[in-house]
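Let's take a friendly walk through a protein structure together. Have the sequence and the 3D view ready as you read.

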Amino acid sequence: MIGEALTLQGLEKRYDASFAVNGISLAIRAGEFLSILGPSGSGKTTLLTMIAGFETPNSGHIMIGRRDITYLAPNRRNIGMVFQRYALFPHLTVAANIGFPLRMRRMSKDFIRRKVDAALAQVHLDGYGDRYPHQLSGGQQQRVAVARAIVFEPPVLLMDEPLGALDKKLREALQMEVKGLQQRLGATVVYVTHDQEEALTMSDRVAVVAEGRLAQVGSPLELYRSPASAFVGDFIGRMNFIDAEYLGHSNGGHMVRPRGGNVITMEAASDEASLFAALQAVSIAARPERLSLAPHGRDRGAILTGTIDAIVFAGSFFLFFVRTPNSDGRLLQIQMPVGHGSSLLRQGDLVDILPEASALRLFSKTEA
Ligand SMILES: Nc1ncnc2c1ncn2[C@@H]1O[C@H](COP(=O)(O)OP(=O)(O)O)[C@@H](O)[C@H]1O
Ligand SMILES: [Mg+2]
């Protein structure tokens, strides 16, 4: 199986007056594992069903390689699909379920038997062909669904929250299986999930969607390090938001005043930052692991001073919850490795919050 590129051009889908998908363009590379990540209702399933051919877009185009498939019937697109609910045929054996797409294509019995056995081996279910779906666990049923999706060796595989119904441990094990399978087969995979951890661990790139639009596309590291908006920063990983006032731009830095803190100059801003006007309300965003705490007054460069409200020990690090005059009672989260002075800090201590170099990003104020 060789993956093929999948190109989405200006896709739109309206239900009545409202857009489920509102102008999505995306070039997915041959053999790429791309996740569509977004909250419930953001248009992920609608996008996938248009690629599969079960819905027709109101405008835009879908290409596999150079073929325009926008209006092609689903069974002629050569796309494998796995849904959250396994949708196996309950009255058919595992082998008959997996062989179904090949019977539809009128392949010979012999050919089908060989392909079904190979697909069973790929999902580590050798010898399960004669069972019925109800004799399998949820995880095994979902593996059968994956085997059925890959048995005709489609160059493109679509998965819509395929592991969403499984418990956490099984989900994590199957994430690695699906990822390994995709790498062995070289298939192009579009994987829908609302789980940011799942998207980050499995994907070459992640497309974050919100309200039917693309919020950002990038590698997991790019999204984590350089979120393009407060929404993406908040949706992926933990993020602190500090209310501040934008003062202006000088010597290549952005001057901001955190509410209840001192004026600081920031090097790393964000794409939005060049548009800010003086005295505009902004949010300073910082990951917990890129802030640290020191006893008040010891070091220079604090963005805020506060008191430690709670300390959580998490094995390899401490998570500190710090109350400051900022952020309307929301506590800031600061993660520090065990040692490095973190063990000496106590609940109730007055502490300065210190950012690592280029740890801070600047966004327009949101109701995060
Ligand atoms: N068949 C439909 N008829 C009307 N509205 C729909 C239909 N399918 C989806 N929607 C609406 O489109 C939006 C996106 O839905 P969906 O694509 O299922 O989101 P997600 O998969 O991200 O949860 C939602 O507001 C949903 O209510
Ligand atoms: Mg959905």
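## Rings that meet

A residue is called buried under 20% relative accessible area, exposed over 50% and partly exposed in between (1.4 Å probe, protein chains only). Phe318 is buried, with a relative accessible area of 14%. This is a predicted model, in which local features need pLDDT of at least 70 and side-chain atom pairs count only at pLDDT 80 or more, while totals for chains, interfaces and linings use all residues. Residues are numbered from 1 along each chain as its sequence is written, chains are lettered from A and ligands numbered from 1 in the order in which they are written, and side-chain values use heavy atoms, with hydrogens and water left out.

Rings of Phe, Tyr and Trp (its six-membered ring) pair if their centres lie within 6.5 Å; planes under 30 degrees apart count as stacked, over 60 as edge-to-face and the rest as tilted. The whole structure has 5 aromatic pairs. In one of them, the ring centres of Phe313 and Phe318 are 5.4 Å apart with planes at 50°, so this pair is tilted. Phe313 is exposed, at 54% relative accessibility. Phe318 also pairs with Phe320: the centres are 5.9 Å apart and the planes at 45°, so this pair is tilted. Together, ring pairs link Phe313, Phe318 and Phe320 into a cluster.

## The nonpolar core

A nonpolar core is a set of buried Ala, Val, Leu, Ile, Met, Phe, Trp, Tyr and Cys residues joined through side-chain atoms within 4.5 Å. The largest one has 33 residues, of which Ile98, Val144, Leu157 and Tyr191 touch the most other members. The largest share of this core, 6 residues, comes from α4. Helices (H or I, at least four residues) and strands (E, at least two) are DSSP runs, numbered from the N terminus.

## Charged partners

How many salt bridges does the structure hold? There are 15, a salt bridge being a side-chain nitrogen of Lys or Arg within 4 Å of a carboxyl oxygen of Asp or Glu. One of them joins Lys168 and Glu172, with the closest N and O atoms 3.0 Å apart. Both residues lie in helix α5, 4 residues apart, about one turn of the helix. Lys168 is partly exposed at 49% relative accessibility, and Glu172 is partly exposed at 35%.

Another salt bridge connects Arg171 and Asp195, whose closest N and O atoms are 3.8 Å apart. This pair links distant parts of the chain, with Arg171 in helix α5 and Asp195 in the loop between β8 and α6 (196-202), 24 residues apart.
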